[in-house]
Amino acid sequence: QVQLVESGGGLVQAGGSLRLSCAASETGFSINTMGWYRQAPGKQRELVATITRAGSINYADSVKGRITISRDNAKNTVYLQMSSLKPEDAAVYYCTAVSVAGNNYWGQGTQVTVSS
């Protein structure tokens with residue numbers, strides 16, 4: 001079982017920056033893709049960004065130019081650097097990971113609140 005632990009969420013002013021981190025536990029499973037989804041109240045969970053172990057990145061159109069995803073393979077950690085935050089970015093952000101075997105894992109979520 002892979003455990004994902006997110007950190008870095010909190011309250012930020014609109015226009016501010018925040019960096020989220022997600023660390024995956026060591027379980028003997030190799031992690032391929034890691035990424036971030038978010039879910040605002042009353043809305044579907046949506047993809048924010050993903051990154052493969054090889055470094056292939058996929059961003060949602062809504063965050064391109066404002067968000068950078070990166071990872072440290074040695075630490076099994078993925079980061080989400082966010083800037084120019086908008087109230088619309090407020091959501092619970094969930095870390096996700098997919099092993100090379102195709103197993104999917106989710107973190108518990110971290111709250112990002114953006115004040116006007």
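V100 lies in the loop that runs between β9 (91-99) and β10 (104-106), where strands (E, at least two residues) are DSSP runs numbered from the N terminus. The model is predicted, so local features need pLDDT of at least 70 and side-chain atom pairs count only at pLDDT 80 or more, while totals for chains, interfaces and linings use all residues. Residues are numbered from 1 along each chain as its sequence is written, and side-chain values use heavy atoms, with hydrogens and water left out.

**Exercise 1.** Decide whether V100 is buried or exposed, and find which residues V100 is in contact with, leaving aside its neighbours within four places in sequence.

*Solution.* Begin with the cut-offs: buried means under 20% relative accessible area, exposed over 50%, and partly exposed in between (1.4 Å probe, protein chains only). V100 has 62% relative accessibility and therefore counts as exposed. Next, take contact as heavy atoms within 4.5 Å; with those neighbours set aside, V100 is in contact with S30 and N32. Finally, the C-alpha atoms of V100 and S30 are 5.8 Å apart in space, although the two residues are 70 apart in sequence.

**Exercise 2.** Explain why strand β8 (residues 77-82) is largely enclosed by the rest of the structure, and work out which residues stand opposite Y79.

*Solution.* Five of the six residues of β8 are buried, which is why the strand is largely enclosed. Two strands pair if DSSP finds at least two bridges between them; strand β3 (residues 18-24) pairs with β8 in the antiparallel sense over six bridges, and S21 stands opposite Y79 there. Strand β7 (residues 67-72) also runs antiparallel to β8, joined by six bridges, and S70 stands opposite Y79.

Methods:
Helix = DSSP H or I, 4+ residues; strand = E, 2+ residues; numbered from the N terminus.
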